[in-house]
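Colleague: I would like to learn how to read a model like this one. Please take me through it step by step.

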Amino acid sequence: NTPSPPPNNKQRSCKTMDGEAAPPPPPEGDANAALRFEDLTIDDDLPLLDRVVRYCRSGIALQRLVHVKMLAETAETVGRHATIQTLVPLLNLLISDPESIIRQHL
């Protein structure tokens, strides 16, 4: 028998969307947790354009909403060419979003 490695006690540091330290994830197997903590984290190391594209396509409405609200700012930042090539095609997906709040913020 080989001994098992020691448990990894390193805590993963995550932030909420407003930059605050995020609360710890719910215990594994918590039946009341519809989403896992990892599902709600945002990879803010991604470049702005990549981040907006990724999270506008998210299966989580809150992530889509936050990033739909960032579309105008992102378009100004990345310029006309990237907006036409990358952001405008996202609009076809978003205008038929099942969540009305997403469509309202377009």
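**Reading the model**

Modeller: Gln63 has 4% relative accessibility, so Gln63 counts as buried (buried is under 20% relative accessible area, exposed over 50%, partly exposed in between; 1.4 Å probe, protein chains only). Gln63 sits in helix H3; helices are DSSP runs of H or I, at least four residues, numbered from the N terminus. The model is predicted: local features need pLDDT of at least 70, side-chain atom pairs count only at pLDDT 80 or more, and totals for chains, interfaces and linings use all residues. Residues are numbered from 1 along each chain as its sequence is written, and side-chain values use heavy atoms, without hydrogens and water.

Colleague: Which residues of helix H2 are buried?

Modeller: An α-helix has 3.6 residues a turn, so residues three or four places apart point the same way. In H2 (residues 48-56), the buried ones are Leu49, Arg51, Val52, Val53, Tyr55 and Cys56. Their cover includes helices H3 (61-68), H4 (71-78) and H5 (80-94).

Colleague: How many residues are in the largest nonpolar core?

Modeller: A nonpolar core joins buried Ala, Val, Leu, Ile, Met, Phe, Trp, Tyr and Cys residues through side-chain atoms within 4.5 Å. The largest here has 13 residues; Val52, Cys56 and Leu87 are among those with the most contacts inside it. H2, H3 and H5 each supply at least two of its residues.

Colleague: Where should I be careful about confidence?

Modeller: Where pLDDT is low, the predicted coordinates should not be read in detail. pLDDT is the predictor's confidence in each residue, from 0 to 100. The chain averages 77. Over residues 8-26 it is below 50.

Conventions
Contact = heavy atoms within 4.5 Å.
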